[in-house]
Every structure is written in structure tokens, then in C-alpha cells.
Amino acid sequence: LRPTAGTGDADDLARLDAAARHPSMLARVVAGVFTPANVVLAVMAYVALRHSGSAVEAFGWWALTLVLVVGVPYGILFRALRAGRVDDRQVVRRSQRPWLFVMALVCVVLALGVLAVADAPREVVVLVVSMAAGLVAMSVVTLVTKASMHLAVASGAVAVVLVEQPGVGAALALLLVPIGWARWRDGRHSVGQIVLGAVIGGVASWAVYGALR
């Protein structure tokens, strides 16, 4: 049995239940490929390779991101799953999201401190700052309404590439459509939540990465 829904969770749970009656394997594959962890690691590899002195150095910055920005937050999430604090790893209930966003932000700030002390390339540091800005925005918005984390991260990554290589970024922006469709088709988000996530992630990354880089 599900725990009692928190404030604002009922519509999200109803949407998820409706989609579960007619599941789409394609939607789940698309969402799985473009899960936030994969997108974060991809954009970090991209920025690190462009701005590090060597591939070995770039791998070091990427590995740090893997541990602190992806590994630790997901470890916290999986521990919460085992403890019953969240219903599933995609955290469909908005009421279960705020504290997870705060924990993820703590991990990102820790990564930022390590990168600064280790004298990482400016662009790598700024990328993590833009991630922190996006998490702050998502944390605040989540107190009021739900936004898609998949789209926030994907849109943020596209914004970073747009700053670096506008043509490539514009082409990658087309991927936001199937990602958004997948999250809607799987019952994880409404169209409004998808658009909101994309706007938050894109604006935060464009403003912060574009200005500080």
C-alpha cells in the first residue's frame, strides 16, 4: 500500500497510475538513457575535455563529479528508498523531494570546494556553480509546485553547450522534445511541469555559465 499522499501529490499519483495501465517501453528507455546522472556526467566530460590540459586531467575532474555530484546523492536516494522515505527512485511525490534537493546541493557545494582547492579549470568550476544555481532554483520551486528534474538537467546541459558551441547546442536542443515526451508518456510529469523544469534548468545554466565563463 502507498503511504498517504502529501499536499499536492494526488494529481501526480493519479497521472502515474493512469500511465501504468498502458506502459511504454520506449518512454522508459528514453528516460533511462537521459537520466539526470547520465546527462551530468556527459556535460562534465564535455567541458573537462575542452578545457583541461590533457585527457588524463579531464578524466580526474570527471571522476570527482562522478563521486560527489552523482554517486553520493544517489547513495542518499537509495538509502532513503530502503528506509521508506521515498516511494521510488524518481521520487514522484513533490512532498518527498525538498530534502533530497538540499542534500544534492550540499554535495555539489562540497564538489565545488574540492575543485577550487585543486585548482580545476575555470570552466569546470563554473559548470558546477551553474549546477548549484539550478539546484537552488529547483529547491525553491519544489516548495510550491513540481518541475521535471530530467528536463531541468537536460536543458541546463544544452545551455552549457550553446555557450561553448552554439551550433552543436542548437542541435542538441532537439533532444529536449523526446525527453519531455518520455516523462509525460510515463506519467511522471504534466506538460506544465516539463516546461517549467526546462525553463529553470536552461535559464539557470545560461545565466550562470554564460556570465562566469
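Is V39 buried or exposed? V39 is buried, with a relative accessible area of 11%. Buried means under 20% relative accessible area, exposed over 50% and partly exposed in between, using a 1.4 Å probe and protein chains only.

This is a predicted model, in which local features need pLDDT of at least 70, side-chain atom pairs count only at pLDDT 80 or more, and totals for chains, interfaces and linings use all residues. Residues are numbered from 1 along each chain as its sequence is written, and side-chain values use heavy atoms, with hydrogens and water left out.

**V39 and its surroundings**

- V39 belongs to helix α3, residues 36-51. Helices are DSSP runs (H or I, at least four residues), numbered from the N terminus.
- Leaving aside residues up to four places away in sequence, V39 touches F34, V153, A154 and A157. Contact means heavy atoms within 4.5 Å.
- A58 lies 19 residues from V39 in sequence. In space the two are 17 Å apart, C-alpha to C-alpha.

**α3 against α7**

- The axes of α3 and α7 cross at roughly 15 degrees and come within 9 Å. That makes α3 roughly parallel to α7.
- Axes are lines fitted to C-alpha atoms, for helices over the stretch in contact, and angles run from 0 to 180 degrees between N-to-C directions.
- Angles under 35 degrees count as roughly parallel, over 145 as roughly antiparallel, 65 to 115 as roughly perpendicular and the rest as oblique.
- The crossing of α3 past α7 is left-handed. Left-handed means that the near helix is turned anticlockwise from the far one by less than a right angle; clockwise is right-handed.
- V39 is among the α3 residues at this meeting, as are P36 and H51. The α7 side includes V153, A154 and A157.

**α3 against α6**

- α3 and α6 pack at about 155 degrees, with their axes 9 Å apart. They are therefore roughly antiparallel to each other.
- Here the crossing is right-handed.
- From α3 come V40, V43, M44, V47, A48 and H51. They meet E123, V124, L127, V128 and M131 in α6.

**Nonpolar cores**

- The largest nonpolar core has 39 residues. Such a core is a set of buried Ala, Val, Leu, Ile, Met, Phe, Trp, Tyr and Cys residues joined through side-chain atoms within 4.5 Å.
- Those with the most contacts inside it are V47, V108, L115, V124, L127, M131 and Y209.
- The elements giving two or more residues to this core are α3, α4 (55-83), α5 (98-117), α6 (122-142), α7 (149-164) and α10 (191-212).
- A second, separate core has 7 residues, including L176, I179, I194 and A198.
- L127 touches V43, M44, V47, V160 and Y209, not counting residues up to four places away in sequence.

**Loop residues**

- H189 sits in the loop between α9 (176-185) and α10. H189 counts as buried, at 1% relative accessibility.
- Most residues other than glycine have a negative phi.
- V91 has a positive phi, near 50 degrees. V91 lies in the loop between α4 and α5 and is buried, at 6% relative accessible area.
- D119 also has a positive phi, near 60 degrees. D119 lies in the loop between α5 and α6 and is exposed, at 63% relative accessible area.
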